[in-house]
Amino acid sequence: MSTASEPAGSYARTLRVGTLERVRVFASGDLGPLPVIVGLVGVWIFFQSKNAHFLTARNLSNLTLQMAVTAILAMAVVVVMVAGEIDLSLGSVTGVTSALLGVLLTNDHWSTAAALAATFGLGIGIGLLQGLVTVVVGVPSFLVTLGGFLAWAGLQLAVIGPAGNLQVTNSTIVAIGNNYLAPWTAWTLAAAVVAAVAVVEVLRVRDRQHYGAPPRVWRVAMKVGLLAVALAALVAFLDRNFGVPYVLVLFLAVGAILGWIMRRTFFGRYIYAVGGNAEAARRAGIPVGAIRVATLAISGLLAGLAGVVSTSMLYATSANVGGSILLLEAIAAAVIGGTSLFGGRGRIYMALLGTLVIASVQNGLGLLGQSASTEDIATGAILVLAVSLDSLNRRRRAAAGV
Amino acid sequence: MVTPPTVTGSSPQQTRKNDPPFLELRGVHKRYGGVTALRGVDFDVWAGEVVALVGDNGAGKSTLIKTISGAVHADEGEFFVDGKRVTLGSPHASAALGIATVYQDLALCENLDVISNLFLGKEVGGGPLPGVLRRLGESAMQARARETLDRISINVPSLDRPVAGLSGGQRQAIAVGRALLWGPKLVLLDEPTAALGVQQTAQVLELVRRLAESGQAVVLISHSLPDVFAVADRICVIRLGANAGTFLRSDATVEKVVAAMTGGLTIEAA
């Protein structure tokens, strides 16, 4: 039987096998985002039962602000780790870019645009440098970025100067981390996003029809409908407080772009291929070295963005911006979201869910009046628990041959 | 140097004697520093036939295959494709001439699904953005993957599942499918059954036969003489970097082939 002569029958067969397969795969343990979502719901129920303020618009609005910097860095971790590399300098680059932004705006009175360009330039430049040393010299990225972790933290102190902190009053920069969308803007934006996703999905349906694949109209309708409901609920809920924070829009937009790049473009496919089997990718003609450099450069760019957001939220830059705890939380968030330390596996949206888990635990423990020490212990325990579950699940799947 | 046994009728089908072979190698030499890997090897393969390349470890089989796939540049020797002289010196040049290689380690990305592996490095797509930001044409790739796999009856449970979940035989089939996607005229298979069990070996050998029947020239390296006898039309023996005999399968016996591999009558001494 060939697809050319009997496309409908062939696809009907595939679809049937596909559904059975999916049930089997599901039963044998490829659970996707489900464990993280279940864990998240559990965390929320726990804290809500302990403190009725947890699931209020005000607190969830705060939660989105608290998770912003970690979320941006966790996405950087996914991009780099999927390619089979690691970037330990993320926290320090966040710090040094924040310091540069503060100095350029406050001491040197640069224009906002020029200062932002220089800040992002520094982030990308550091990423490129670390990428090139990794690829051209052949030093593992773990060591290159470990060196970067120390060196850029030192540079951060040097840039800020002896005072150790610097106020930033630039209204544009401050707005990023502290302003909210007006309700009508938020609703318009949400509608525009739903419309854009609908258009893209309809184009994909037509593409599938063109090639005789099942168009999956119902699944697409469900997807767009769910997105519309979720966005409407989010906007309505946040409007009960001050509205939708700019930073939420910012990191969700970054997530959407990165997610699209990773899943839908040649570049994204190459990143997964390099992390999965670098030798196979090389033989297939994929420029493995360039891909590695690019992922580390993207990581540097995102660390620069995290630096800008940190500066904005603090109305200042200081020697405490960035650093090792932030780096480790970002890695933990990505790993809780299923990113593999060995490359080739990880999803952007899952890193956002992982960040939400960590931020929820920290926020909830804060509401309960627990100290920072408890927060750290809980975060560490959740990380090990999540990775252990994933590891056990994987072993079960290997045994089941899936 | 022992004179190779004379070959009678180099093609299994008499009609082919009128056509030039798809690929012909004459007097190929390759030296690695002081070591001579190939000393004047001749080799040819016609469309629609399976030629097995056999020889002891270090005989030069892999080097010969690599000169054809373009991974190694021969020091001396002439290459002809469809009777026309060509230069082989890079994987790209070989691929452009319709020569596809399936490596022994398969070179699959276990984390990617079947379609992604089939199109690895040769993705199809477009969209408004340039370069590597082009959008993957998922439906187009899926349709073409299905067509290619159906054509040679390769069955895999699902095209959108990671290769990690497939059996050894299915992976071999995917690696062959990848070679076939671009309509090659010659497929080089390096030890395709080395890591497989009995049943999977049989499936892969069937697949090799189907390739030849659909008009591809197939060159197979194998250590397993039972596999070679099961599938090859001709058996080409290499010994110490030189031709040590070519046999039609119908004329060949295991004893003759082993004798050629090990140096004629000195089997015990070798």
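Analyst: Happy to start with A:F120, which touches A:L301 and A:G304 once residues up to four places away in sequence are left out; contact here means C-beta atoms, placed from the backbone, within 7 Å. This is a predicted model, where local features need pLDDT of at least 70 and side-chain atom pairs pLDDT 80 or more, while totals for chains, interfaces and linings use all residues. Residues are numbered from 1 along each chain as its sequence is written, with chains lettered from A and ligands numbered from 1 in the order in which they are written.

A:F120 sits in helix α5 (residues 112-137) of chain A. Helices (DSSP H or I, at least four residues) and strands (E, at least two) are numbered from the N terminus. A:F120 counts as buried because 20 C-beta neighbours lie inside 10 Å; the cut-offs are 20 or more other C-beta atoms within 10 Å for buried, 12 or fewer for exposed, and in between for partly exposed. Although A:F120 and A:A303 are 183 residues apart in sequence, their C-alpha atoms are 8.6 Å apart in space.

That pairing leads on to chain A as a whole. In chain A, 80% of the contacts between residues at least 6 apart in sequence join residues at least 24 apart. Chain A contains 16 helices and four strands, and buried residues make up 43% of its 402 residues. Its C-alpha atoms fill a box of roughly 75 × 55 × 40 Å along the principal axes.

The axes of α3 (residues 57-82) and α15 (residues 348-367) of chain A come within 8 Å and cross at roughly 135 degrees. Therefore α3(A) and α15(A) are oblique to each other, the class left over once angles under 35 degrees (roughly parallel), over 145 (roughly antiparallel) and 65 to 115 (roughly perpendicular) are taken out. α3(A) passes α15(A) in a right-handed crossing, meaning that the near helix is turned clockwise from the far one by less than a right angle. Among the residues making this contact are A:L63, A:M67 and A:A74 of α3(A) and A:L352, A:T355 and A:A359 of α15(A). By class, the contact of α3(A) with α15(A) has 13 nonpolar, eight polar and no charged residues; Ala, Val, Leu, Ile, Met, Phe, Trp, Tyr, Cys and Pro count as nonpolar, Asp, Glu, Lys and Arg as charged, and the others, Gly among them, as polar.

Now to the neighbouring chain. The contact between the chains takes 33 residues from chain A and 27 residues from chain B. On the side of chain A that touches chain B, α1 (7-27), α8 (183-210), α11 (266-276) and α12 (278-283) each supply at least two residues. The largest share of that side, seven residues, comes from α11(A). Its residues divide into 14 nonpolar, eleven polar and eight charged.

Chain B has eight helices and twelve strands, and 47% of its 270 residues are buried. Of the contacts in chain B with a separation of 6 or more, 66% are between residues 24 or more positions apart.

B:D82, in the loop between β4 (76-81) and β5 (84-86) of chain B, has a positive phi of about 50 degrees although it is not a glycine. B:D82 is partly exposed, with 15 other C-beta atoms within 10 Å, and it touches B:P20 and B:F22, leaving aside residues up to four places away in sequence. B:L106 is another residue other than glycine with a positive phi, near 70 degrees. B:L106 lies in the loop between β6 (99-102) and α3 (114-118) of chain B, and it is buried, with 21 other C-beta atoms within 10 Å.

Note on methods:
Two residues are in contact if their C-beta atoms, placed from the backbone, lie within 7 Å. Axes are lines fitted to C-alpha atoms, for helices over the stretch in contact, and angles run from 0 to 180 degrees between N-to-C directions.
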